[in-house]
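I opened the model to look up how its chains meet, and I wrote the entries below as I went.

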Amino acid sequence: MGSFSLIFKKFSRSVFLVAGFAFFASFAYAQGDAAKGEALFKAKCTVCHKIDSRLIGPALGPTITDETDDKWLTKWIQNNQALIAGKDAKALKIYNEYNQAGMTTFGEISDGDAANIIAYARTTWKTMQAAPKPGATGQPAPETGPGNLVIFALIGVIILAFIIILVLNKVVATLERLLLKNEGLFVEEAEVEKTPVDRLATIKKLAKNKKLVFFVLLCGTLALGSWSWVTMWNTNVHTGYQPVQPIKFPHDLHAGAMKIDCQYCHSGAYKSKNASIPSLNVCMNCHKTIDRTLNSKTPSPEIQKIYDALGYDPQTQKYDSTKARPIQWIRIHNLPDLAYFNHSQHVKVAKLRCQTCHGPVETMKEVYQYSPLTMKWCIQCHKRTNVDFKGNAYYTKMEAVHALLKAGKPVTAALMGGIECSKCHY
Amino acid sequence: MDSNKKYWKGLEELNKTPEFVEKNKHEFAEPIPIEDVLAGGGLGGKTPRRDFLKALGFGVGAVTLAACQKVPVHKSIPYLIKPEDVTPGVANYYSSTYDGHAILVKTREGRPIKIEGNPNDILSKGGLSGQAQASVLDLYDVNRLKNPMKDKSDYGWGQADDFVKSELAAIKAGGKKIAIISSTISSPSTLAVIADFIAQFPNAKHISYDAVSYTGIIQSNQNSFNKAVLPHYSFDKADVIVSFGADFLGTWISPAEFIRQYVQNRNNKSLQSKKMSRHIQFETGMSITGTNADVRIPIKPSEEGMALINLYSAISGTALPGARPLKNNIADKAITLVAKELLAAKGKALVVAGSNDVATQVLVNAINSLLGSYGNTIDLDNPSHQYAGNDKEFADFVSEMKGGEVDALFFLNANPVYDYYNSKDIIEGLKKVRLKVSFADHSDETASVCNIIAPNNYYLESWGDDNAIEGYYTILQPTINPVYDTRQAEHSLLIWSDNAVKDYYTYVRNNWDKNLLAKGGLSGRGGWETLLQTGFVKAAENPKGAYTFGRDLNGVVQTVLDHSAQLADGDKVQLQLYQTVAMRDGKRANNPWLQELPDPVSKVTWDNFAAVSPSDMKKWGYEDGDVIKIEGNGYAISLPALSQPGQTQGTISVAVGYGRTLAGPVGNNVGKNAFPFHSIRNGTFQTSATVTLTKTGDNSPLSQTQTHHSIEGRNSIIKEATFTEYLKNPAVRTGNGKDHKDYNENNLFWQDYDHPQYNWVMAIDLNACTGCGACVVACSAENNVPVVGKAEVGRRREMHWIRIDRYYSFNDNGQGGVTKETEIAKLEDLDHVRVVYQPMLCQHCDHAPCETVCPVLATVHSSEGLNQMAYNRCVGTRYCANNCPYKVRRFNWFNYWNDSRFENYLQNDHTLLVLNPDVVTRFRGVMEKCSMCVQRIQAGKLKAKIEKRPVKDGDIKVACQQTCPANAIVFGNANDPNSEVSKALTSERTYYVLEELGVQPGIGYQVKIRNISETEA
């Protein structure tokens, strides 16, 4: 049922959109091409402007009304500094309102392009206002597939149906028995008393079979033994550990959909033993402008947590360091203190991909521990991985290694001493 | 020819006392109570078996339950806004200054964790003393004051400022005196702040007061040459050095610098160019300098004056009035010989004296003038600013204070209530002072009797500068924000004197911009930034003038003789006060690393003691550790006696710097305060006195590391030769040469290891090592070595990974090997012993005996020649330690980091921040030992890999090597024939300790050479 409403909603929205475009396109003063304007807008303007709300610059929707002088606006877009320098009253007003932060000048935007952008801003804003607000439809429907509620309802229905079937079966059985009784065919009572005696006798008989007992005991011991063996080996191995983090940070979105390089945030991996969790100023590089998920109407509460942690107010765009408090992430990959691990050795020198140890992070909604992080796992990799000598002068002087290379044998990290104790334990 | 010279670590070993012989037979220092268990039924009885099973059951259950706890959740908290220059996991280094030395401070994630010498430091070229190494720990001292105090209760800075300013205004109007008492300040900016303060309050005065004072030298230069300066000495330019009680390798003026200079004429390089300086030491107690001397003559404090008079007479050729031969025959003969040697080395000779007596120092000046030392080995034109204390000025001030003439007092890094000889006068005088302010960062002895304590920042939290010697200006920059609510003293003085510049950083910058940057050819913002990187500027040296001593010596001689006569008071015992290398004047008494650093000579930790000559011990009926009462100068203390070979008969030596009462929990009541034995004479503090000794009947055992690890009479541990022998055959004593025996021929036990890439080895030059112990502290700081405390050291459980073994031997008259026991017996003259120091650490044997006995393979060999120790594999059988021929493995008897019995050291979250995060701390029940700083090796290799280049020689420096002011330790890759260490190990002097065992140690030692001439006394 949920999906029906969803499909309906999507359909209706696109109908509205098409209708809206068609309607607004007919207006005489919107000479520009809104579709062309959209591409330009996304390329040039989104860093500082949004249609519906203020970012670094003003919200364009409410600002560019039907009454706005397009010629002046074109001049402003192309060279706002000139207008300010020329003491244009309107320009000065905006300039002062925005703390005298001058807008970038766009000399490369032609008059026609400017008209396109303006047209896009107008049409989009109109569409936004005409579109039904989420609250108005009364359907805060999930945006991706059926939600949990639907699943639960479905399960509930199935269970209910199952119970009904059971009850009906019982009723049918009782009715049948009644029928049989009435016909004088009911002879089950004697059998009911016999059955337990028989069963016990079988067990006793089986218990006297020494081979069988031995077999059962053997199986039991083996099962229990292998269970404890596995349990003990896996003590303190936390593969799959996926704690609830203070912010539901979706790696699948950032690293997967957006294809942001791991090292953009985990910059320590190249130069330090710690890959390091990014400090919040790295988040703010993007999230200063992005405060919601794609197509969402309201700011994301998860992104808001970044702002809260920094004491940042997205309205005034000011930081209040007294309100700042660091985010306490929960560490997933816990190597014991007794093992020294250095990311740069593996990422920079060995050129390993992060996924080798951390798994398909780009598909993880929330990160979990992918590798066991046991010493066995380390050593196996060190035994199997060939050292990449190419282009690293560090390895040129190693005569013994050269000899091996000449003999055509591969050189593993283990051969380079990579499995000796004090490579990791000191 | 192998020497059969007899070496011994302690008198117990030498005399083969029954206890020592008995103890030596046993594996453990204390008997293991097996007999107790076996006696009385023991394990055979019924009840013990049941109890055993119960305990076993309970134990298994309890351990299982205890193990069944949830894995703790670890938080990972990133920076909110990461500083640009900080990468978590990567250390940053900042240049700064300590005691005038340019240093580098290693910080991790914003906290200083290690002090390292700046390799370009003019004074010691990257070497640092143990004190400097230990100074980082004091930053994390939880007993530092956390905010200002008024009358022992917490106070705010605003309130304190208001109070002090209003008081000062009233005092200024009243016209009484204001005094700033400080230990020597060599910072130009601090001196300028004080000058500004005095300009604001004309009735103020700055008095420099040093607990251990050099006023005598400064005054004598004023008297002799009209220059009241502490000269800058150059031991590297001296071929013959004669010292009268100046412990210049341990504590005198600038020891780290002097070690570097001194060793330049004695190290491998110098020997290979057939050059070695000669050093003769006349002294009372056995100092580290005396132990390093080629010839050491014990003299009484009362004989020093006459010795100098005789030396002057012998050099000048005309006897001074009053010159008489010394009663001490050996010293008398030595003086004549020394005079000849000094004259022969004219212009390249240096005579120094440790005395703080003006007249004595004038005599020394006269001798140096005759020898042409001025302008060569002594520089008066580029003097040292390290000490400027004026004893008389301070004494006068104390009487003024007692007379009620002083209304305001500021104590800056001065603690006279503890270290002034007459602290009663000070306390009495302080009662009459209206405003008493201390800048101490602890509520120390003096601060606790002040109204206001305005705690100073620690030097690692401060801006500032230093000027140790003329023309050498170093910058002090903070490496961490003030940890507590403290404020720099200069800042406080600026505020209280309403200076136009209120902020000390701005003040320092202005001062440098205006006066100092230009001296190094720098200017402006760029110049300042360069300075912050390089750490110092060096101005051109002042031209050296000619100085000739021209005063009449008659009066001086009379004063010296009077003083000597006073000291030689009948049969009274003469007391010599000295500083220990670790504790110096006691300002860092609350530092556990320093308290646990064994004294180089006596190997005593955590205490001071009365050093008594072995013959006096016998004569007076003392045993080691007998507490004796020492009375003199109207003061008395009781200290345990220690038999110290080399101590002059009829004298005792006691270290100052101990017996603090308000230093903090570590330093409180460790030893006894010996400062009150000082006296003031002719305007200077005197460090010798006459005392009477009485036995109290108590015995208080000292915790020494001395008798540990007996060498069992093996003669291949220490090898020593004379310079003459060396010149004839550079490989003397080593056994190197054609007939060098190969002890690996019949190797049956060990497989040979390949070292395809690296072979990390070390070379230690015994002739360069002075035994100062800086390496021990550096190692503790680098490798998180725990402190165990006095009681545990007494049980031989100190944890140091590197130790300096000190071996005594008898004077063999330059004969070299004495082969027969009877001859050794003849030489047993405990007053004239020789000392060799040997840094001993894991030898990283290629055929390591420890590896073969480990049942769990916790210690194995690496392909890089290291003997690896995997702590978490170790189950603590201690077989390895038993099988180690060098006894360098240390066992963790307790979880020192987290055991309430050791709570006074490092067990709080704050102090733990000093730990090196790249080295794990070890748990109880685990063996540990030197890892050859494997974390540094790994980091060095990784750096090379990232930079795509081979590891260069010198890239990787181990902690002990890095701090050694003598450069005695060389570390590197033996596979590289051009590395420093390969060159050092190919030197003819190289030998391997206990080579005959065939364990193939990775550390080569170079034979100790002594410059002894045939004409020796």
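Strands pair, as I use the word, if DSSP finds at least two bridges between them, and helices (H or I, at least four residues) and strands (E, at least two) are DSSP runs numbered from the N terminus. Trp329(A) has Ser76(B) as its bridge partner in β1(B).

I noted that this is a predicted model, in which local features need pLDDT of at least 70 and side-chain atom pairs count only at pLDDT 80 or more, while totals for chains, interfaces and linings use all residues. Residues are numbered from 1 along each chain as its sequence is written, and chains are lettered from A and ligands numbered from 1 in the order in which they are written.

I then turned to the interface, where 45 residues of chain A are in contact with 40 residues of chain B, contact meaning that C-beta atoms, placed from the backbone, lie within 7 Å. Several elements of chain A each supply at least two residues to the side that touches chain B, among them α13 (280-287), α14 (301-310) and β3 (329-330), and α15(A) gives the most, with four residues.

Technical notes: Two residues are in contact if their C-beta atoms, placed from the backbone, lie within 7 Å.
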